[in-house]
Amino acid sequence: MNLSEIIKSRRSVRKYTDEQIPKEHLEKIIEAGLCAPNAGGRQGTVIVGIHNKELTEVVGKLNLARFDRERLEGSYVSKEQPSIIDDPSMKSGFYGAPSVCVVFAEKNFLYSIPDAFCAAENMVLQATELGISSCIIARGEETFDNEYGNKLLKDWGVPETYIARCFVILGYIDGQPPHAKPINQNRRKIVG
C-alpha cells in the first residue's frame, strides 16, 4: 500500500477483539510516533506503550472517569463504530483495545499539543500499514490526574514536567471496518 492508500483507508475503530497485537508491531508503531515532526526539532514527546489488556482497561476507565458530556458539540459519532458520545453506558474510553500508546509532552511548552497529535497521526498510519486497527483518543490531561494515575506515571518514569496529551488505541477490529464518510469538499480552498 502506498502512503495515499494508507491515508485513505485508515479508520477510527472503536470495537476490538481480545487478540493482542505483536510486541514488535507495537515497537514499530511507537517508532513511527517518535519520527513525527515536532516544534524546533526538540523531540519533546515521550511515548509509553501498554501491551497488557488488563492495564489498558484500567487506564481506559481512568480516561473516562471525568468525561464531561456538557462540553460536547453534537451528539452522534457513528452507527458502525459507536463512541462514548453515542453510548453513555460505556465504561472505558479505550473501547476494549488490548494495547494503547500514551503520548506525553511537556506541560508548559507552547507546541506540546500539536507535537503529540503529530506523533499520534504517524502512529495510526503505521498501524494501518501493519493491518492493525486504531483510534486517537483525547482526554489525556485528566486521565492521570488522580492518585493511581500519578503512581503509574512514577512507575513508568514519566518526568513530572510532562502531561498526557493523547492516546492511540490499538488492536484488531471486531467486525467490518466502518465505511468511509464522504469528504466535505467545502473545506478545501486554494488561494493565490
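Predicted model: local features only at pLDDT ≥ 70, side-chain atom pairs only at ≥ 80, totals over all residues.
Q: Which residues is Asn-63 in contact with, leaving aside its neighbours within four places in sequence?

A: Asn-63 is in contact with Gly-93 and Phe-94, then with Ile-137, Ala-138, Arg-139, Gly-140 and Thr-143, and also with Phe-167.

Q: Arg-139 turns up in that list. What is the phi of Arg-139?

A: General idea first: most residues other than glycine have a negative phi. Here, phi of Arg-139 is near 65 degrees, a positive value in a residue other than glycine. Arg-139 sits in the loop between E3 and helix H5 (140-143). With a relative accessible area of 17%, Arg-139 is buried.

Q: And what about Gln-43: what is its phi, in a residue other than glycine?

A: Phi of Gln-43 is positive too, near 50 degrees. Gln-43 belongs to the loop between helix H2 (23-34) and E1. As for accessibility, Gln-43 is exposed, with a relative accessible area of 62%.

Q: On to the strands. How many bridges join E2 to strand E4?

A: Eight bridges join E2 to E4 (residues 162-171), and the two run antiparallel. To find your way along that pairing, look at Glu-106, whose bridge partner in E4 is Tyr-162. E2 also pairs with strand E1 (residues 46-50), again in the antiparallel sense, over five bridges. On that side, Ile-47 has Val-103 as its bridge partner in E2.

Q: In which sense do E3 and E4 run?

A: E3 and E4 run antiparallel, joined by five bridges. A handy pair to pick out is Cys-135 with its bridge partner in E4, Ile-169.

Q: How many residues of strand E2 are buried?

A: Eight of the eight residues of E2 (residues 99-106) are buried, so the strand is largely enclosed by the rest of the structure. E4 is mostly covered as well, with 10 of its 10 residues buried.

Q: How should I think about the two faces of a strand?

A: In a regular strand the side chains alternate between the two faces of the sheet. Keep that in mind while we go through the nonpolar cores.

Q: How many residues does the largest nonpolar core have?

A: The general idea is that in soluble globular proteins, nonpolar side chains tend to be buried together. In this model the largest nonpolar core has 26 residues, and those with the most contacts inside it are Val-102, Phe-104, Phe-144, Phe-167 and Ile-169. E1, helix H3 (53-65), E2, strand E3 (133-137), helix H6 (147-156) and E4 each supply at least two residues of this core. The largest share, four residues, comes from E4. Apart from this core lies another, of 19 residues, including Ile-29, Val-103, Met-123 and Cys-166.

Q: Which residues is Phe-104 in contact with, leaving aside its neighbours within four places in sequence?

A: Among them are Val-46, Val-48, Phe-144, Leu-153, Trp-156 and Tyr-162. Tyr-162, in strand E4, counts as buried at 14% relative accessibility. Contacts of Tyr-162 include Gly-44, Ala-105 and Lys-107.

Q: Where is Ala-180 found?

A: Ala-180 is in the segment after E4, and with a relative accessible area of 51% it is exposed. The C-alpha atoms of Ala-180 and Arg-11 are separated by 7.6 Å, though these residues are 169 residues apart along the chain. Ile-173 also has its place in the segment after E4. The C-alpha atoms of Ile-173 and Arg-14, 159 residues apart along the chain, are separated by 7.9 Å. Beyond its neighbours within four places in sequence, Ile-173 is in contact with residues including Val-13, Lys-15, Thr-17 and Ser-133.

Notes
Residues numbered from 1 in each chain as written. Heavy atoms only, no water. Buried < 20%, exposed > 50% of the residue type's maximum accessible area, 1.4 Å probe, protein only. Pairing = 2+ DSSP bridges. Core = buried A, V, L, I, M, F, W, Y, C linked by side-chain atoms within 4.5 Å. Contact = heavy atoms within 4.5 Å.
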